[in-house]
Amino acid sequence: MADPSQLRESTQIVLPRETLENIEPRLDDEFVVTIVPEGERYYRIIGSPVEIKDASEFLVRRGVSHR
């Protein structure tokens, strides 16, 4: 059986709001993800493992580290 924490890591990314402010529209347009506020300081990006992997690569190419 899969470990829930591994599944969670493969289906979501949490970033500070200020990190995502300028990138959010492009991220939302290019990938099938849901971006929701996580408290007052963070956004949670949720999607399938494939979409999260692609979105993660997109973020890294733009200098956004999230590990």
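This is a predicted model: local features need pLDDT of at least 70, side-chain atom pairs count only at pLDDT 80 or more; totals for chains, interfaces and linings use all residues.
Strand β3 (residues 42–47) pairs with strand β1 (residues 12–16) in the antiparallel sense, over five bridges. Within this pairing, I13 lies opposite I45 of β3. Strand β2 (residues 33–38) also pairs with β3, again in the antiparallel sense, and here six bridges are found. E38 has Y42 of β3 as its bridge partner. Three residues separate the strands in the hairpin of β2 and β3, where G39 adopts a positive phi near 70°.

Turning to charged side chains, a search of the whole structure gives three salt bridges. One of them joins E38 to R44, with the closest N and O atoms 3.0 Å apart. At 33% relative accessibility E38 is partly exposed, whereas R44, at 19%, counts as buried; the cut-off for buried is under 20%.

Helix α3 (residues 24–30) holds both E30 and R26, which are four residues apart and therefore separated by about one helical turn. Their side chains meet in a salt bridge with an N to O distance of 3.3 Å. E30 is partly exposed, with a relative accessible area of 44%, and R26 is also partly exposed, at 42%.

In helix α4 (residues 49–61), K53 and E57 are likewise four residues apart, so about one helical turn lies between them. The salt bridge between their side chains spans 3.4 Å, N to O. Here K53 is exposed, at 52% relative accessible area, while E57 is partly exposed, at 35%.

Notes
Residues are numbered from 1 along each chain as its sequence is written. Side-chain values use heavy atoms; hydrogens and water are left out. Two strands pair if DSSP finds at least two bridges between them. Helices (H or I, at least four residues) and strands (E, at least two) are DSSP runs, numbered from the N terminus. A salt bridge is a side-chain nitrogen of Lys or Arg within 4 Å of a carboxyl oxygen of Asp or Glu. Buried means under 20% relative accessible area, exposed over 50%, partly exposed in between (1.4 Å probe, protein chains only).
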